[in-house]
Amino acid sequence: MVAEAPPASPQTTGLRRTVRTVTTAPLESIEDLALQRTSSGDAEVDRVLGGGWVPGAALLLAGEPGIGKSTLLLQLARHAVDAGRTVLYVAGEESLAQIKLRAERLGLAGGLVATRDVDARALADHLVRTSPDLVVVDSIQTLRADDEGIPGSLTQVRDGTALLTRAAKESDATLMLIGHVTKQGTIAGPKVVEHMVDATFSLESAAGYRVLRALKNRFGPAGEVGVFEMGDAGMAAVANPSAAFLAERPAGVPGSVVVAALEGQRPLLLEVQALASKSPYASPKRVVQGLDGRRVDVVLAVLERRMDLPLAGLDVFVNVAGGLRLTDPGADLAVALAVWSAVTNRPLPEDAAVVGEVGLAGEIRGVGQLARRVAEAQRVGFATVIGPRHPDLPGGGCRDLSEAVARVHAPAPAASR
Ligand code: TYD
Ligand code: MG
């Protein structure tokens with residue numbers, strides 16, 4: 001990069017080495033990033049991106065083979081072309097005829113430029129010379145950074161990505177890199193690439209839908225999710241994800257609890273399920289899916305110690321229905337009530353949604369964006385929200401787990417007479 005530096009004014013340090021001068025700039029003279037964003041043409045994608053495409057940004061979309069990465073990016077390429085922007089599609093995986101066929105199915109009438117050249121050096125040079133608005137690389141595993149290396153090897157993926165990332169910055173192109181993840185869920189060619197890009201997104205399958213998630217984002221909030229359905233015309237945003245994710249919820253079954261969760265900035269109603277069964281093992285099993293296993297362990301310990309719930313000798317299974325992943329600490333109370341409900345074999349009232357963090361003393365603690373969670377719960381049809389004591393919670397909240405359990409297991413008013 002020395003070649004690009006401003007003409008060096010040689011200075012001599014005490015060690016008698018010649019150094020370049022450092023270029024500085026007052027921050028207020030720098031153009032605002034927000035002003036440079038361009039809509040992707042898809043509102044759901046824009047929200048996950050943090051507002052739209054940013055010129056010069058390098059983004060990574062990771063996901064298992066067949067999940068829909070190429071489909072989604074071809075759709076976004078089509079939107080960009082429709083908006084009069086120049087797009088280059090680097091097709092390392094499929095033939096141009098295959099890409100053309102698929103792009104036509106997705107409504108692309110023309111205007112998309114593609115190449116099968118995966119030589120990262122040549123591509124980088126091409127970017128700098130032609131300055132396209134958007135470049136899609138499908139996939140980084142097919143990139144070649146030098147002639148000797150094996151495509152897909154760690155050094156090829158890393159060096160190829162580095163070359164293209166630099167070229168994108170230089171040419172102000174938005175670079176969207178597709179990366180396949182291995183079975184273990186790690187990004188192949190892995191963490192090395194994640195650190196080179198400005199934002200990393202994952203595309204996952206959950207309850208038959210596709211979930212686009214911002215894992216890291218220099219230009220917007222991380223954790224933001226978009227929900228899509230894969231159909232004949234590609235990926236379409238799901239208008240009401242809460243209702244979609246709850247569609248298969250069994251009615252009146254013990255161990256099923258609806259949580260008023262927050263993923264990124266989006267309130268989302270999801271089902272947490274628990275099952276407890278007599279363990280044949282000396283040390284019972286704890287199997288957790290879609291939630292932080294350590295948080296669940298803490299909740300189980302609190303249930304045992306503060307609520308005298310007998311868990312010793314029981315295998316406990318807790319998951320988020322549909323295979324979704326939930327990072328929200330506000331799911332604690334739902335986990336606690338699901339396990340309570342499973343162990344006592346008593347279902348929760350069907351119109352109740354639950355939210356709250358659980359502390360070690362069994363207290364229920366506040367969560368972010370309570371009002372928005374409550375609003376979403378009510379919109380989807382949950383009249384009662386059980387959560388922390390807070391003015392934003394209609395009907396009053398609960399101080400601790402025993403109050404919450406009393407609330408969900410109180411006999412119906414008519415029956416109590
Ligand atoms: P694809 O985008 O090729 O996945 P990836 O690039 O992540 O490997 O999409 C995979 C599946 O999507 C494939 O089985 C076909 C299906 N598909 C649809 O259902 N509808 C469509 O409009 C398109 C283009 C693909
Ligand atoms: Mg693909």
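User: Which residues count as nonpolar, charged or polar when the shell around ligand 1 is divided by class?

Analyst: Ala, Val, Leu, Ile, Met, Phe, Trp, Tyr, Cys and Pro count as nonpolar, Asp, Glu, Lys and Arg as charged, and the others, Gly among them, as polar. In this predicted model, the shell around ligand 1 accordingly holds four nonpolar, six polar and four charged residues.

User: What makes a residue part of the surroundings of ligand 1, and which residues are the closest?

Analyst: The C-beta atom, placed from the backbone, must lie within 6 Å of the ligand. The surroundings of ligand 1 comprise 14 residues, of which Ile67, Lys69, Ser70, Thr71 and Gly234 are the closest.

User: Which helices supply at least two residues each of this shell?

Analyst: They are helix H2 (69–82) and helix H3 (96–105). H2 gives the most, with three residues.

User: Why are strands E14 and E19 said to stand at the edges of their sheet?

Analyst: The open sheet has six strands in the order E14-E15-E13-E12-E16-E19, with mixed pairing. Strand E14 (286–289) and strand E19 (384–386) each have a single partner strand, so one side of each is left without a neighbour in the sheet. On average, neighbouring strands of this sheet are turned by 25° against each other, direction ignored.

How values were computed:
Residues are numbered from 1 along each chain as its sequence is written. Chains are lettered from A and ligands numbered from 1 in the order in which they are written. This is a predicted model: local features need pLDDT of at least 70, side-chain atom pairs count only at pLDDT 80 or more; totals for chains, interfaces and linings use all residues. Two strands pair if DSSP finds at least two bridges between them. Helices (H or I, at least four residues) and strands (E, at least two) are DSSP runs, numbered from the N terminus. Axes are lines fitted to C-alpha atoms, for helices over the stretch in contact, and angles run from 0 to 180 degrees between N-to-C directions.
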